[in-house]
Amino acid sequence: MCFCIRNDQGDLIYAEGKRIGIANNLVAEVVAWRMGKEYCRVNNLFLLTLETDSQAFKNMIDGSWDIPWEVSLEIRIIQELMKGMEVVIEHTLREGNRMADFLANLVFSFVGTEIISFNTFQDLPKKAKTLLNMDKSQTPNHRIKHFQNGNFRIEGG
């Protein structure tokens with residue numbers, strides 16, 4: 001699970017990745033959002049644009065989908081945290097979430113690491129800096145897959 005908070009210029013304010021045990025991707029998304037919202041509340045960040053690559057999560061927060069029991073408590077906490085805050089919820093393609101995905105994978109790469117956090121751009125690993133700069137410059141992200149016959153296929157955009 002990972003969340004990344006950036007200002008309106010795309011600069012890093014804070015990023016955190018944490019192990020949450022055995023969970024599906026929806027649970028990880030919801031827990032990450034709760035933790036991100038808690039960070040924003042504690043640090044008085046009240047004008048927020050929430051970007052998620054989970055259309056299911058967006059629809060649950062918007063109230064247009066029923067909430068599964070396994071995330072109902074977390075969703076209620078998020079909704080409570082959103083009171084008094086101006087929050088815009090936007091869906092992004094998976095490629096738009098590469099920074100958070102990278103940081104979440106970083107936690108799993110180091111055995112025994114339960115949590116990582118970054119307070120400045122300089123603290124980030126080189127790959128994370130690259131992803132953040134690509135996003136800031138609105139450089140398109142492409143997933144490139146290599147096939148056995150030597151051909152490549154580009155996905156995303």
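1. Strand S2 and strand S5 (residues 115-118) run antiparallel and are joined by four bridges in this predicted model. One place to look for this pairing is Ala 15, whose bridge partner in S5 is Phe 118.

2. S2 also pairs with S1, again in the antiparallel sense, over five bridges, and Cys 2 stands opposite Gly 17 in S2. The two strands, S1 and S2, form a hairpin with five residues between them, and in the turn Gly 10 has a positive phi of about 90 degrees.

3. Five of the seven residues of strand S2 (residues 12-18) are buried, and therefore the strand is largely enclosed by the rest of the structure.

4. The largest pocket, with a volume of about 1,400 Å³, is lined by 50 residues, and Cys 4, Trp 33, Glu 51, Asn 97 and Ala 100 are those that lie nearest its centre. Among the elements that each supply at least two lining residues are strand S1 (2-6), strand S3 (47-52) and helix H4 (98-109), while H1 gives the most, with nine residues. Sorted by class, the lining of this pocket holds 22 nonpolar, 15 polar and 13 charged residues.

5. On confidence, the protein averages a pLDDT of 83, and 87% of the residues score at least 70. The mean is highest in helix H3 (residues 69-82), at 92, and lowest in strand S7 (residues 152-156), at 45. Over residues 152-157 the pLDDT is below 50, although this stretch has 20 contacts in the model beyond near neighbours in sequence.

Notes. Residues are numbered from 1 along each chain as its sequence is written. This is a predicted model: local features need pLDDT of at least 70, side-chain atom pairs count only at pLDDT 80 or more; totals for chains, interfaces and linings use all residues. Side-chain values use heavy atoms; hydrogens and water are left out. pLDDT is the predictor's confidence in each residue, from 0 to 100. Contact means heavy atoms within 4.5 Å. On a 1 Å grid over the protein atoms alone, a cavity is a set of points where a 1.4 Å probe fits but cannot get out, and a pocket is an open set with protein on both sides within 12 Å along at least five of seven lines; lining residues have an atom within 4 Å of a point. Grid points are joined across faces, edges and corners, and a volume is the space filled by probe spheres set on the points. Ala, Val, Leu, Ile, Met, Phe, Trp, Tyr, Cys and Pro count as nonpolar, Asp, Glu, Lys and Arg as charged, and the others, Gly among them, as polar. Buried means under 20% relative accessible area, exposed over 50%, partly exposed in between (1.4 Å probe, protein chains only). Two strands pair if DSSP finds at least two bridges between them.
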